[in-house]
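Please read them with the structure open.

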Amino acid sequence: MNGPQDLGGQMGFGPVAPEKDEPYFHADWERRALGVTLCAGAMGAWNIDESRHARESLHPADYYSSSYYQIWIKALETLLKRHGFVSERDLEAGDAIDAAATPKRVLKAENVPAVLAKGGPCDRPMAEPARFKAGDPVRTKNFNPTGHTRLPRYARGKRGKIEAVRDGFVFPDSNAHGQGENPQWVYTVVFDGTEIWGEGADPTLVVSIDAWESYLEPA
């Protein structure tokens, strides 16, 4: 969606300033925020794309004024309320007040290493052949969805070239909204810097993205 998270190419936010020797967590509560989010996701009520969309759906003023793990916790509250695990009264009281939904499964401490090692693969076998091949010129579609998408704004309506054909992967645009996995071929698409940034861009620069097949059309 055209949400606050999609900052690629936007001006006014200053340069990226990586933190030297940045730790995994800056405070103990961040470590707990990650753990609680993973355990809640393991209940099986939502998928990774729905959780991403919940973070993207925060109001821009709230999103930009929140730290990374604050965004995660705020989105988790949305997901827990949406699926009936907590109520607004529960959150206000900091305790279980109302009856809650029963999770499909519970991630126990002894199972955490195996579950994390297994991960959540999103690649899927494809029955239909890929529409494009390496070297094909393509153009990304220009659309402005209100729902989840993995095509960034800066790369919409741009001409590029297929660099590689990847595997079939779950289509996040539908999976985020309970409309099925609908797997599609994914391609690595390369764009010239001038195509992305226009006149005055460094002509030696290129940008590559991974794009689902329905984002692309022949150029």
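1. UniProt, in an unreviewed entry, lists residues 1-107 as "domain: Nitrile hydratase beta subunit-like N-terminal". What does that span contain in this predicted model? Residues 1-107 are 46% helix and 0% strand. The end C-alpha atoms of the span lie 31 Å apart.

2. **The second annotation.** An unreviewed UniProt entry also gives "domain: Nitrile hydratase beta subunit", covering residues 121-218. The make-up of residues 121-218 is 9% helix and 37% strand. Their end C-alpha atoms are 29 Å apart.

3. **Helix α4, length.** This helix takes in residues 68-82, 15 residues in total. At 1.5 Å a residue, α4 should span 21 Å.

4. **Helix α4, buried face.** Which residues of α4 are buried? They are Tyr 69, Ile 71, Trp 72, Ala 75, Leu 76, Leu 79 and Leu 80. Viewed down the axis of α4, the buried residues fall within an arc of 165°, so they line one face of the helix. The packing partners of these buried residues are α1 (28-41), α2 (48-56) and α3 (60-64).

5. Thr 78 and Glu 88 are 10 residues apart in sequence. In space, C-alpha to C-alpha, Thr 78 and Glu 88 are 9.9 Å apart. Gly 84 follows α4 and has a positive phi, near 80°.

6. The 14 residues of α1 should span 20 Å at 1.5 Å a residue. The end C-alpha atoms of α1 are 20 Å apart, which agrees. Glu 30, Ala 33, Thr 37 and Ala 40 are the buried residues of α1. They cover an arc of only 95° around the axis, so they sit on the same side of α1. These buried residues of α1 pack against α4. What does the face of α1 turned away from its buried side carry? That face has the exposed residues Asp 28, Arg 31 and Arg 32.

7. **Asp 21, a backbone check.** Asp 21 lies in the segment before α1. Its phi is positive, about 55°, although Asp 21 is not a glycine. Why list it? Because most residues other than glycine have a negative phi. Is Asp 21 buried or exposed? Its relative accessibility is 69%, so Asp 21 counts as exposed.

8. **Asn 182, the other backbone check.** Asn 182 is another non-glycine residue with a positive phi, near 40°. The loop between α7 (172-175) and β4 holds Asn 182. With a relative accessible area of 41%, Asn 182 is partly exposed.

9. **Asn 175 and its contacts.** Helix α7 contains Asn 175. At 11% relative accessibility, Asn 175 counts as buried. Its side chain makes a polar contact of 2.9 Å with the side chain of Asp 49. Which residues does Asn 175 contact, leaving aside its neighbours within four places in sequence? Asn 47, Asp 49, Val 170, Gly 180 and Glu 181 are in contact with Asn 175.

10. **Strand β4, burial.** How many of the nine residues of strand β4 (residues 184-192) are buried? Eight are, so β4 is largely enclosed by the rest of the structure.

11. **Strand β4, pairing.** Strand β3 (residues 159-169) and β4 run antiparallel, joined by six bridges. Here Gly 168 stands opposite Trp 185 of β4. Strand β5 (residues 206-212) also runs antiparallel to β4, and seven bridges join the two. In this pair Tyr 187 stands opposite Ala 211 of β5.

Note on methods:
Residues are numbered from 1 along each chain as its sequence is written. This is a predicted model: local features need pLDDT of at least 70, side-chain atom pairs count only at pLDDT 80 or more; totals for chains, interfaces and linings use all residues. Side-chain values use heavy atoms; hydrogens and water are left out. Buried means under 20% relative accessible area, exposed over 50%, partly exposed in between (1.4 Å probe, protein chains only). Helices (H or I, at least four residues) and strands (E, at least two) are DSSP runs, numbered from the N terminus. Two strands pair if DSSP finds at least two bridges between them. The expected span of a helix is 1.5 Å times one less than its number of residues. The arc is that of the directions from the helix axis to the C-beta atoms. Contact means heavy atoms within 4.5 Å. UniProt positions are given in the numbering used here, feature names are shortened, and annotations may be inferred rather than shown by experiment. A polar contact is a pair of N or O atoms within 3.5 Å; within protein, one must be able to donate a hydrogen and the other to accept it, and residues adjacent in sequence count only if both atoms are side-chain atoms.
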